[in-house]
Amino acid sequence: IHFIDRADEVDGNTYIGYISSVPAEKWLADATSYDIKEISYLVEVVSAIMNTSKGSINKVDALNLRNNLSVGTDADTAVYSLPLERASELLDVWQKDRFLAAHEKDVDELLIGVRSFIELSEIIGGAGSSSEEGLACPLCKHIVSFGIKCDGSDCPAKIHMHCRRNL
């Protein structure tokens, strides 16, 4: 176990948490009231957000991710779907628990919350379609999903809004 600090992409406040060397899905199942299927859904939502250029996903699109979720190892994988009502409840609870955040201008757009950046860092680091270098804010060197894009058309970089305010 070691401590990690991350700034919230929405409000810029820094939070400190601890992470374990145990894989995130197992650790979260032991440390929270979520079952492995619900954690699989959270991982799908967070991965989907990381793979968007805008750093957010519409709540309807997030709800559609509840279908065809996989749990298990490569040799023994089960595919399942969460009921729509439970998936909707989870999205709301995860916002309260800071795994997800609502966009300040559109509450139906979901962002990655600071708790996911801390507790799911191993998943977030590997979720982007580009290299981890392209996911890092050039100012603070932490991964950024929701930020300000570089002005250059060939430039994949984003910086956190709070980093830009601190310039």
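Which side chain meets that of Lys59 in a salt bridge? The partner is Asp92, with 2.8 Å from N to O. Welcome to this predicted model, a chain with 8 helices and 9 strands. Here is a short tour, starting with that pair and moving on to the rest of the chain.

**The Lys59 and Asp92 pair**

- Lys59 has a relative accessible area of 17%, and because buried means under 20%, Lys59 counts as buried.
- Asp92, in contrast, is partly exposed, with a relative accessible area of 32%.

**A network around Arg98**

- The structure holds 7 salt bridges, and some of them join up: Asp8, Asp11 and Arg98 are linked in a network.
- Arg98 pairs with Asp8, and the closest N and O atoms of the two are 2.4 Å apart.
- That pair links distant parts of the chain: Arg98 is in the loop between α4 (84-96) and β6 (100-102), while Asp8 is in the loop between β1 and β2 (14-19), 90 residues apart.
- Arg98 also meets the side chain of Asp11 in a salt bridge, at 3.6 Å from N to O.
- Here too distant parts of the chain are linked, with Asp11 in the loop between β1 and β2 and Arg98 87 residues apart from it.
- Arg98 is partly exposed at 29% relative accessibility, and Asp11 is partly exposed at 35%.

- Helix α2 covers residues 36-50, and at 1.5 Å a residue its 15 residues should span 21 Å.
- The end C-alpha atoms of α2 are 21 Å apart in the model, which agrees with that expectation.
- Of the 15 residues of α2, 12 are buried, so the helix is largely enclosed by the rest of the structure.
- Among the buried residues of α2 are Ile39, Leu42, Val43, Val45, Val46 and Met50.

**Ser145, a buried loop residue**

- Ser145 is found in the loop between α7 and β8 (148-149).
- With 2% relative accessibility, Ser145 counts as buried.
- Leaving aside its neighbours within four places in sequence, Ser145 is in contact with Glu9, Met50, Lys54, Gly55, Ile112, Phe117 and Lys158.
- One of these contacts, Met50, is also one of the buried residues of α2.

**The surface and the whole chain**

- Phe3, Ile16 and Tyr18 form a nonpolar patch on the surface, with about 390 Å² of accessible area together.
- Phe3 has its place in strand β1 (residues 2-7), and at 64% relative accessibility Phe3 counts as exposed.
- The accessible surface of the chain comes to about 9,200 Å², and 50% of this belongs to carbon and sulfur atoms.
- Of the 167 residues of the chain, 44% count as buried.
- Among contacts between residues at least 6 apart in sequence, 50% join residues at least 24 apart.

- The chain averages a pLDDT of 80, and 81% of the residues score at least 70.
- Over residues 126-133 the pLDDT is below 50, and this stretch has 10 contacts in the model beyond near neighbours in sequence.
- Among the elements of the chain, helix α3 (residues 59-64) has the highest mean pLDDT, at 96, and helix α7 (residues 132-135) has the lowest, at 56.

Terms used. Residues are numbered from 1 along each chain as its sequence is written. Side-chain values use heavy atoms; hydrogens and water are left out. pLDDT is the predictor's confidence in each residue, from 0 to 100. Helices (H or I, at least four residues) and strands (E, at least two) are DSSP runs, numbered from the N terminus. Contact means heavy atoms within 4.5 Å. Patches are made of residues with over 30% relative accessible area and no salt bridge: like charges are joined within 9 Å, nonpolar side chains (Val, Leu, Ile, Met, Phe, Trp, Tyr) within 5 Å. Accessible areas come from the Shrake-Rupley method with a 1.4 Å probe; for residues, only the protein chains shown count as cover. A salt bridge is a side-chain nitrogen of Lys or Arg within 4 Å of a carboxyl oxygen of Asp or Glu. Buried means under 20% relative accessible area, exposed over 50%, partly exposed in between (1.4 Å probe, protein chains only). The expected span of a helix is 1.5 Å times one less than its number of residues.
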